[in-house]
Amino acid sequence: RTVAQAAHIVISGDGWRDAFLRRWPVDDATVTTVENGTELVHLLAREQLRAFQEKSVSEEPVTIAYLGGFQPWQGVPLLLRALARLQAQVTPFHLILIGSGQGEAEAQQLTRQLGLSGVVTLTGRLPQEKYAPLLAQADIGVAPYCDWPEYSGLKLFDYKAAGLAVIGSGENGYPRTLAHGRSGWIVPPCDEKALARAIGLLVEDSALRRQLGQAARLEAERIHGWEQTTQRLEQIMSDVLSKREQTQQLRADGQQGFRVT
């Protein structure tokens, strides 16, 4: 009843929108995706980001960042197993896991079992102003979603705003918030080998990391700030109210015409 009475429906991701339309018999013209935004576009200036800093020879390992929860569908165990495949094969790297919650203890245990304790740091949950500089000094951001209908999410926008080379899970054209090879790198969901190959590629190819990171940041500045989200919501509300006023006026005109007749 709620869906049928809605003048317009706003959904925060294309995957959710498509699933909604498969479930509910509504006019798809009344269902719009409006993505969330990220405050990191404003919290982090370009010159703070590693992707925009002058090229230099550094002995520091490549830093891979993960931001989010530890629920099974977030794919943290998949990420850890993929890194275990690479540990002896590629340039030294360091993984920073930012977040907490269900599955965190299991991730800590798996880190030890895979012999990754020396290259993995778990920070626990951090406020945005604390994790923003950590992302700014990272190189790669990973969103290894597994068995999840929406492959986009807030972490992707934070990664892009921080100028990271983003690796995201996706299939069938998702996530639409990443363009493979341009603003990110998409791998099949739940595919440990493909994830390992993508991470290995970006760990070894600094030019590609830099290219993807810069493109991601520029795109975030254009479309992922909260002001763009607000503008889209305001436009939708304005259009809905305008159509309602037009409909009410037509009804009023029709009733007046009927009384005259």
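Modeller: Two strands pair if DSSP finds at least two bridges between them, strands being DSSP runs of E of at least two residues and helices runs of H or I of at least four, numbered from the N terminus. This is a predicted model, in which local features need pLDDT of at least 70, side-chain atom pairs count only at pLDDT 80 or more, and totals for chains, interfaces and linings use all residues. Residues are numbered from 1 along each chain as its sequence is written, and side-chain values use heavy atoms, with hydrogens and water left out.

Biologist: How do you know that strand 4 and strand 5 pair?

Modeller: Strand 4 (residues 93-98) and strand 5 (residues 120-124) share four bridges in the parallel sense, and because at least two are required, they count as paired. One of the bridge partners is T121 in strand 5, which faces I96.

Biologist: What makes strand 5 and strand 8 edge strands?

Modeller: The open sheet has six strands in the order 5-4-3-6-7-8, with parallel pairing, and strand 5 and strand 8 (185-187) each pair on one side only.

Biologist: Why is helix 8 called roughly perpendicular to helix 9?

Modeller: The axes of helix 8 (residues 192-204) and helix 9 (residues 206-223) cross at roughly 100° and come within 5 Å. Axes are lines fitted to C-alpha atoms, for helices over the stretch in contact, and angles run from 0 to 180 degrees between N-to-C directions. Angles under 35 degrees count as roughly parallel, over 145 as roughly antiparallel, 65 to 115 as roughly perpendicular and the rest as oblique, so helix 8 is roughly perpendicular to helix 9.
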